[in-house]
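Here's a quick briefing for anyone meeting this structure for the first time.

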There are 4 protein chains.
Amino acid sequence: MTLPKTVFRPAFAVTRASHVVFAVTDLAKSRAFYVETLGFVVSDEDKSTLYLRGLEEGCHHSLVLKSGGAPTCERVGMRVLTEDDLDLAQAHFKSRGLPTRFVDVPFQGRSLHTVDVAGTPLEICATMTTKPRRIMDFELFHGACPQRIDHFQVLTNEVRPALEFYMQMGFRLSEYIVNDGTDDLRAVFLQRKGNPHDIVFVNNAGPRLHHAAFTIPEVYHLMYICDLLGRNGFGASVEWGPGRHFGPGYARFVYLRDPDGHRIELFTNHYQTIDMEDEPIRWQASDLSVGRWGTFPPVSWQQEGSAFAGSDVRPLAIQERPAVAVHAR
Amino acid sequence: MTLPKTVFRPAFAVTRASHVVFAVTDLAKSRAFYVETLGFVVSDEDKSTLYLRGLEEGCHHSLVLKSGGAPTCERVGMRVLTEDDLDLAQAHFKSRGLPTRFVDVPFQGRSLHTVDVAGTPLEICATMTTKPRRIMDFELFHGACPQRIDHFQVLTNEVRPALEFYMQMGFRLSEYIVNDGTDDLRAVFLQRKGNPHDIVFVNNAGPRLHHAAFTIPEVYHLMYICDLLGRNGFGASVEWGPGRHFGPGYARFVYLRDPDGHRIELFTNHYQTIDMEDEPIRWQASDLSVGRWGTFPPVSWQQEGSAFAGSDVRPLAIQERPAVAVHAR
Amino acid sequence: MTLPKTVFRPAFAVTRASHVVFAVTDLAKSRAFYVETLGFVVSDEDKSTLYLRGLEEGCHHSLVLKSGGAPTCERVGMRVLTEDDLDLAQAHFKSRGLPTRFVDVPFQGRSLHTVDVAGTPLEICATMTTKPRRIMDFELFHGACPQRIDHFQVLTNEVRPALEFYMQMGFRLSEYIVNDGTDDLRAVFLQRKGNPHDIVFVNNAGPRLHHAAFTIPEVYHLMYICDLLGRNGFGASVEWGPGRHFGPGYARFVYLRDPDGHRIELFTNHYQTIDMEDEPIRWQASDLSVGRWGTFPPVSWQQEGSAFAGSDVRPLAIQERPAVAVHAR
Amino acid sequence: MTLPKTVFRPAFAVTRASHVVFAVTDLAKSRAFYVETLGFVVSDEDKSTLYLRGLEEGCHHSLVLKSGGAPTCERVGMRVLTEDDLDLAQAHFKSRGLPTRFVDVPFQGRSLHTVDVAGTPLEICATMTTKPRRIMDFELFHGACPQRIDHFQVLTNEVRPALEFYMQMGFRLSEYIVNDGTDDLRAVFLQRKGNPHDIVFVNNAGPRLHHAAFTIPEVYHLMYICDLLGRNGFGASVEWGPGRHFGPGYARFVYLRDPDGHRIELFTNHYQTIDMEDEPIRWQASDLSVGRWGTFPPVSWQQEGSAFAGSDVRPLAIQERPAVAVHAR
């Protein structure tokens, strides 16, 4: 199988997964879930919008909740290093025939609204209003003590074009999954910031957001947050886990569904992957059962995701075998 | 509902759940599971028997594995305080028309073999060979770092007689579950050592051993032991959890099946219950879903258990509603 | 060395360490320390008194703070099993020539005020108002998440009489420390509830209370509570630890001084000691350095303690060698 | 105060702290410390050299121990992205009048031996032999479960030139400490990989290596490793901690001295710092006591370090006030 070549000096520097914007139907309920239970820090809020960040984050927001309309994922946010990179990014997306538009977004200024080849609506920015890191404000440590955003997982009916598109932008492929005995890509794990992923594409009807992932401190918090969710009336939001991924990323995880069904992953561990010679790790789907314990992901986890605002979901192009999500067998 | 009266000064002093004896089919495989993976300490072993204890235990064994024959639970062990208590215990069981016999058991000397009203084969002793507590021998901390035995759960087709029998012996009822809107007992949690249970009886075809439970140090070990079991080829032994009980005991647990299907619970927390005024906590079956998160116990957990050596399993006497195990709804 | 004989069937049944009463100078400051920072649950409070308990406790209080006067320890509380035991206790103390008086104490009713041979003012009761256990009320989990009271340590200028006195009441000696090469007792660890200690006596100018100890869930909380104390202006209250005892009890601990200098130990682990054949563990002072790591206890920990209300502190009778606290070398 | 300007597109790409080479006097003893106790993975070993890595590392070594001679630090290793960067690095160091030499180093091939302006002997390479990441090989998890190398701290008698030198190479200044009321730099924290530091320079007699730091999973391991060190005869190696830094990095740490006195930091947490607008955090020395708890670093921690092979230690140029290490007050 020929994988795209890694571009070590890309034309512009995407630096990391930045933020996600969810449309929600009941902001008060979302606040009870994300702030009062999970423990996100409120950076700003008004009647229609809640700007949240993790305890260690010095940027204004990594999670934006907007009330009104259908509960879609509005945008997936990426960071570039400088304002110049933002212009270079626009040129790149334009050259690929993708729509681009600069928008003035509160607390982040000039931001590029565009769409990737998979149909993911992106919001790319070079800077944000800064806020104090709360990493030592222990009186704010609460619930899962979310630390920072880590990555997104997007469902797409064609993984290969997404892989090529992102690798051309300098993303590195850390891991990927193929159907057994074939080179059919089921999932690709792409990163810019030196740990296993900033964005993941998985084969399924798409484009849809499967989840946004945030880091939390310890295994203790993986279990404690479930207990607290139960107490606060969100017991059914625990969709899968706490458990362990026996494949890409190896994370200890729990997957939650917020009051609108948006999926959040909380996890505790990843590994560093920076070096030239770190080759993409290849998994066959059946490899994912080696060492496995625990329940399989429920059907909801395998099949459901948040629609992107303004995107039509395309069914799987060719579906020779059941469309299965990453960690299922 | 009238519960039996607590006997605060019983005729003889049972002190605690002591040990369990399992017949196993492949001692080497059991050793790989209990010693090399879970981290039990070997007190003694020969070709046919493995004597194990937890890291903090100063007694010779809390788990005895004997090779040969069908994989039954041979005996559930209880401790009394003194040799005099052992004689008084014999008198008590005899007076109830139950068979009693003194046997010389290796590493524990004179032991009373008898049967309770539910049909549970008991081995009661007053003393055991002592061994060094390994609580500070950190180089032996391994796997789940099991600390000590805590309790047994027995399935019985008649809970009420078991409750009365054990309370007459001075066991206190810490918690119990009834079918909704009735006084039909589904489960009773009985204790002598000042935490929620030494022996539990649950309504199901019996007598069978549902599980023996051991304490482990931290939530970290609940997750780590599952990972290690997976690596060592025992991934399928993780039957339910890691999770939380939303009813009697409130424990953070994981349930494992050993290579012969014997069920072990590992858990991290209980509460102290010593005082006169600690009334039994009453639960209706439906209360167990308050605050709940996570998967339901699998059918295997609800219906399977280890047969006791030499006992016939009686079906449920009256089965107005489905026989359900404790933590299911 | 001849140790006193264990009394397995004492005349009356002390069950456990129950509560401690501290006089404090500024109730608001004590509340900031114990409730807002450490995370104790408030059972009741008025202008002059704060009744606190741990998250798992079903009894009304294990820590009572009374404003006014010098910051002494007013009383150390013990539980007996029944009201009859309370009368038997009175008879026993009287027969030893010790003052006894029944007092009606809020939330615990008839309580025996007396003094032990070391001069420790005791408050013994058979019952208390009950309160809901908060073990599953996860939204109340805060700070160190204190679970329950465990034991007291008392400084006395004569350890042997205290040992004999408590063993006559049925306390068991779990561990003791002697000066190297001698039988001079430096510390005795006495228990009733089946773990290493309910009350400890250590050789030093006394009677004074060295500390009251409470259990907390995990190592994580040992470190987190220090961080939170620092944030809340109580950083200097961390007197020793987090560390590990390399002798009696083996606990992972942290010692704190409250705003009045009363000392609290928070710890995570002990072992079960119930059986007949559990002989007292003998330590020579020098044994305590085997396996040792970390800082030595500061001089304050070695020499300071809370005076008991109305007691004169007697200096050490014979002081052949420096008076050293338990865990120092 | 004018800080050097950040170079966002440096001439060549240093990617991360890579490895450290220690000369040791007794390789067997070092193995007992690093492998059998701390839990490092052995990548290769022969009679005179031990190549170690952390559990998550896919590179051949992050810690190299060579027997023979004085127990110095031979080299501090840095990674560049490509072989081209290695040539560009040589050109850069040459242009600064610093000695450069290409050496063929086992398991890493062509490596640049050079010296920075502070006198730190560097070994820069673009690649290494790869080894399997052991992140899922749970049977190897042992001791502190070291995950990966994170950073170095170097003592230097002139911080400013080191700061300027590294920032010219594209290192970003995450945090720095000045003497109160002045702009005198006491410490600078420099990073390339997106967390707070890859290399730190602290004002003291130098050049000497203060410590190399490795990440470990959880607070549990911070305490457990101390216990295990004690058991294995290395109790005195615990120099400071477990504790918390109340300044740059905010890490939960423990500092150890290996059998030759080389200092290792194990820590559990850092924060991500990637964005353009992340300005260097300025600390006055006295700020470091805000929120503080626990013991001060011992004098050894403040004053001692490993000499670099072949370097003369220069005393502090101007010493207006006591030379104090970073986290002391």
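Before we get to the interfaces, one ground rule: two residues count as being in contact if their C-beta atoms, placed from the backbone, lie within 7 Å. Keep in mind, too, that this is a predicted model.

**Chain A and chain C**
- Nine residues of chain A touch 10 residues of chain C.
- On the chain A side of that contact you'll find three nonpolar, one polar and five charged residues.
- Of the interface residues of chain A, 100% are interface residues in chain C as well, so the copies meet through the same surface.

**Chain A and chain D**
- Chain A also goes onto chain D with a turn of 180 degrees, a shift of 0.0 Å along the axis and an RMSD of 0.0 Å.
- That's how a two-fold axis relates things.
- Glu218(A) has the C-alpha nearest the axis in chain A, at 3.2 Å from it.
- Here 97% of the interface residues of chain A are also interface residues in chain D, so these copies meet through the same surface.

**Inside chain A**
- Chain A splits into domain 1 (14-129) and domain 2 (148-307).
- Their C-alpha centres are 20 Å apart.
- Domain 1 puts 30 residues into the contact between them, and domain 2 puts in 34.
- On the domain 1 side, the elements giving two or more residues are β1 (14-24), α1 (27-38) and β5 (73-80) of chain A.
- β1(A) gives the most to that side, with eight residues.
- By class, the domain 1 side has 13 nonpolar, 11 polar and six charged residues.

How values were computed. Residues are numbered from 1 along each chain as its sequence is written. Chains are lettered from A and ligands numbered from 1 in the order in which they are written. This is a predicted model: local features need pLDDT of at least 70, side-chain atom pairs count only at pLDDT 80 or more; totals for chains, interfaces and linings use all residues. Ala, Val, Leu, Ile, Met, Phe, Trp, Tyr, Cys and Pro count as nonpolar, Asp, Glu, Lys and Arg as charged, and the others, Gly among them, as polar. Copies are superposed by least squares on the C-alpha atoms of residues with pLDDT of at least 70 in both. Domain bounds come from an automatic or database domain assignment. Helices (H or I, at least four residues) and strands (E, at least two) are DSSP runs, numbered from the N terminus.
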